[in-house]
Amino acid sequence: QLHSDQDKGDGSLKYILSGDGAGTLFIIDEKTGDIHATRRIDREEKAFYTLRAQAINRRTLRPVEPESEFVIKIHDINDNEPTFPEEIYTASVPEMSVVGTSVVQVTATDADDPSYGNSARVIYSILQGQPYFSVEPETGIIRTALPNMNRENREQYQVVIQAKDMGGQMGGLSGTTTVNITLTDVNDNPPRFPQSTIHLRIPESSPVGTAIGSVKATDADTGKNAEVEYRIIDGDGTDMFDIVTQKDTQEGIITVRKPLDYETRRLYTLKVEAENTHVDPRFYYLGPFKDTTIVKISVEDVDEPPIFSRSSYLFEVHEDIELGTIIGTVMARDPDSASSPIRFSLDRHTDLDRIFNIHSGNGSIYTSKPLDREISQWHNLSVIAAEINNPKDSTRVPVYVRILDVNDNAPEFAVFYDTFVCENARAGQV
């Protein structure tokens, strides 16, 4: 209410209002000076209004007092909920991080007045994601809450954060956001050989550099953390064989280093080591980050005929070929003048599952069972060539069958996704 000292209450004065919102948002009773608002006022649109008032003589229309300026300040009420700038955040944190490791900070804003009451005082809490993660109530910093979180067990987490005003008290308004957190890999798994002993065969006539077979250690980590280097560290064949690490397949290919002689030595034993090339000192206690296996290499006699056209064969075939498909042909001849005909057969000790067969007359190897690269990428076969007239007069040749990949495995989701949606969610809401 405006009131002039000159107002005697006889109706001779008239009150006039001008300035912000005068006549629209604010109206004045020209007789009593009472000021009223015509509608609800939103502080977030405008926090204060500057008005001017004047009292005039109703008959002469002359001011009886100087014009007066005053301010109407709008007091805040809690009518705005906290909002996050993003509906979904994406973040990552290394696996095995210590409890309390910072992942990401989320910040909500509240349009209410931060200087008046608690309407804009936001407190953060976690609605989904416990006990794996926690959030600092005042800052919105999300931190790890469990020790030794293992990516190999679970890689993806969905965390729902709530921001509530009024200092988190009852009656406060709230908003939420989702944070998708990925555990990144660290080298916390050592390589492991699936077998303690591996048996390979090699003809004595194999030239230097011939690949005998492969060994492979598995590592649950990914990327550079799973990279392995192979080396021969012991055994009676360290000077006769080499091992080469294939970076693309992470296999160790064993090759002949010096010429072999069946009459001199028929069996060699190697101790092969696989070691991670990138080791994280923080996880030494989980090591050692290496493993060993024993490789026994049998040298086969090829002094007697027949003689194969090659010292070894390597055939590559896709895993989805039809049964009965010829994957390659081995050839042998009898160097004797009699030139006896040759009969071919497979050493079933090298093909216990009877995946392959061979045409006895022409040496063509074909499949008798389906191939699966995901079960075995290499098959180390031994083919026997024997003279028909003298079956004991035989020799062997290693046949390495490399199974090539085809796209026969569908992707699988790593985890089961369980989510919720409000019944009043708007169309198109993620």
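This is a predicted model: local features need pLDDT of at least 70, side-chain atom pairs count only at pLDDT 80 or more; totals for chains, interfaces and linings use all residues.
User: Why is F193 called buried?

Analyst: Buried means under 20% relative accessible area, exposed over 50%, and partly exposed in between (1.4 Å probe, protein chains only). F193 has 9% relative accessibility and therefore counts as buried.

User: Where is F193 placed, and which residues does F193 touch?

Analyst: F193 is in the loop between β12 (174-184) and β13 (197-203); strands here are DSSP runs (E, at least two residues), numbered from the N terminus. Contact means heavy atoms within 4.5 Å. Leaving aside residues up to four places away in sequence, F193 touches V215, K216, A217, Y230, V272, E273, A274, D291, T292 and T293. F193 and T293 are 100 residues apart in sequence, with their C-alpha atoms 6.6 Å apart in space.

User: How do you know that T249 is buried?

Analyst: The relative accessible area of T249 is 12%, so T249 is buried. T249 is in the loop between β16 (241-246) and β17 (251-256).

User: What makes polar contacts with the side chain of T249?

Analyst: A polar contact is a pair of N or O atoms within 3.5 Å; within protein, one must be able to donate a hydrogen and the other to accept it, and residues adjacent in sequence count only if both atoms are side-chain atoms. The side chain of Q246 makes such a contact at 3.1 Å, and the side chain of E251 makes another at 3.2 Å.

User: Which residues does T249 touch beyond four places away in sequence?

Analyst: T249 touches K216, Q377 and R402, not counting residues up to four places away in sequence.

User: Which residues lie nearest the centre of the largest pocket?

Analyst: Q195, S376, W378, H379 and N380 lie nearest the centre, among 40 lining residues. On a 1 Å grid over the protein atoms alone, a pocket is an open set of points where a 1.4 Å probe fits, with protein on both sides within 12 Å along at least five of seven lines; lining residues have an atom within 4 Å of a point. Elements giving two or more residues to this lining include β27 (378-387) and β28 (394-404).

Key. Residues are numbered from 1 along each chain as its sequence is written. Side-chain values use heavy atoms; hydrogens and water are left out. Helices (H or I, at least four residues) and strands (E, at least two) are DSSP runs, numbered from the N terminus.
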